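Here is a short briefing to read with the model open beside you.

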Amino acid sequence: MGRYRSEPAFEHDRTTKIGVLLTNLGTPDAPTSGAVRRFLAEFLSDPRVVEIPNVAWRPLLHGVVLRVRPSRSAAKYAAIWTNDGSPLLVHSVKQKVLLNGYLGQRLKKEGLPSDLCPVELGMRYGQPSIAASLDKLRAVNCEKILVLPLYPQYAASTTASTLDAVNAYFRTTRRVPALRFVDTFHDDAGYIRALAQSVNEYWQKHGRPDRLVLSFHGLPRRSLTAGDPYHCYCQITARLLADEIGLEKNQWILSFQSRFGAGEWLKPYTFETLNAMGRERLRRVDVFCPGFVADCLETLEEIAIEGRRVFQKAGGAELHAIPCLNEQPAWMAAMTDLAFRQLGGWLDKPPDAAARERTLLRARVAGAKS
């Protein structure tokens, strides 16, 4: 095998397309210790995720972490696993299918072929991989590709890691397409409206809480001092969402979850926040996770199960975990608008059959054999 992977067969009269690659973090293939160990080995080996020199981290990862953590995490995955598989993957696949349809309808209204922009899903870790999804887009002649990581708030450990994987893939290809990359959409108006609609619809059905906790995934504190904008972007999202819902400052609080290790992480911590609210004997607290666009381990187990336990053990009564955006129509419309705006300038009408025939004839006259 050569240095570069083989290119799709070239045809002079082919119609090129514009690919859209949705990406998310990923999930184990099954809620078992073995599957979780493989997933964590890939995830925690990423230098964007764990910024410890490999010479120090690798022995600790393989000698301690991957011996202890997989069985514990597997039990947590088992608690939220569905008949269709991992919730994150199930929701992400549905989002891909719906975006493909929504985007096709939008293109058709603009007088463009509805299949001009095929959508694929790639996970940063696990399956379907980013590489396999890019293979599919290249196979259908995508000479331009928009990469849309489903992380609303940019972080080096998520968004930049996705770009690392995309760049690594194209280091092995001869024909590199034009690329665009969405780095953040933390303040996108459609995204904020979709978040607000999710909260309001939940409250219309279940009533309002004493307080709303907006919980985002945590990062080590040093990420903020090193210049990562994630903390700032979470603050902006939370403020815009609270304003859109019409909440006063004493009705909501921002916090950070999913700590790992003994070092200091972004504060306030979600579990400490819930513990304090429980000690206040609050009747009801709702937790919403704006940074996750699909329900996953961090929302279904960490918040809905463990977070509820922490709150009630401290003296609180009810904790409600408001579902993530998932396949909510307002979110799918916002995602479509976001993708369509990013595709601007690329959406030229493809050549018709006559034009493609002329191209083929010119190529044959010039000596082309295919």
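Contact here means heavy atoms within 4.5 Å. Helices (H or I, at least four residues) are DSSP runs, numbered from the N terminus. This is a predicted model, in which local features need pLDDT of at least 70, side-chain atom pairs count only at pLDDT 80 or more, and totals for chains, interfaces and linings use all residues. Residues are numbered from 1 along each chain as its sequence is written, and side-chain values use heavy atoms, with hydrogens and water left out.

**Helices H6 and H8**

- From the H6 side, Tyr191, Ile192, Arg193, Leu195, Ala196, Val199, Asn200 and Trp203 meet Thr237, Leu240, Leu241, Glu244 and Ile245 of H8.
- Sorted by class, this contact has 9 nonpolar, 2 polar and 2 charged residues. Ala, Val, Leu, Ile, Met, Phe, Trp, Tyr, Cys and Pro count as nonpolar, Asp, Glu, Lys and Arg as charged, and the others, Gly among them, as polar.
- The axes of H6 (residues 189-206) and H8 (residues 230-245) come within 9 Å and cross at roughly 55 degrees. Axes are lines fitted to C-alpha atoms, for helices over the stretch in contact, and angles run from 0 to 180 degrees between N-to-C directions.
- H6 and H8 are therefore oblique to each other; angles under 35 degrees count as roughly parallel, over 145 as roughly antiparallel, 65 to 115 as roughly perpendicular and the rest as oblique.

**Cysteines**

- A search of the whole structure turns up 0 disulfides (a disulfide is a pair of cysteine sulfur atoms within 2.5 Å).
- For Cys117, the closest cysteine sulfur belongs to Cys142 and is 8.2 Å away, too far for a bond.
- Cys117 is buried at 3% relative accessibility, and Cys142 is buried with a relative accessible area of 6%. Buried means under 20% relative accessible area, exposed over 50%, partly exposed in between (1.4 Å probe, protein chains only).

Note on methods
Helix = DSSP H or I, 4+ residues; strand = E, 2+ residues; numbered from the N terminus.
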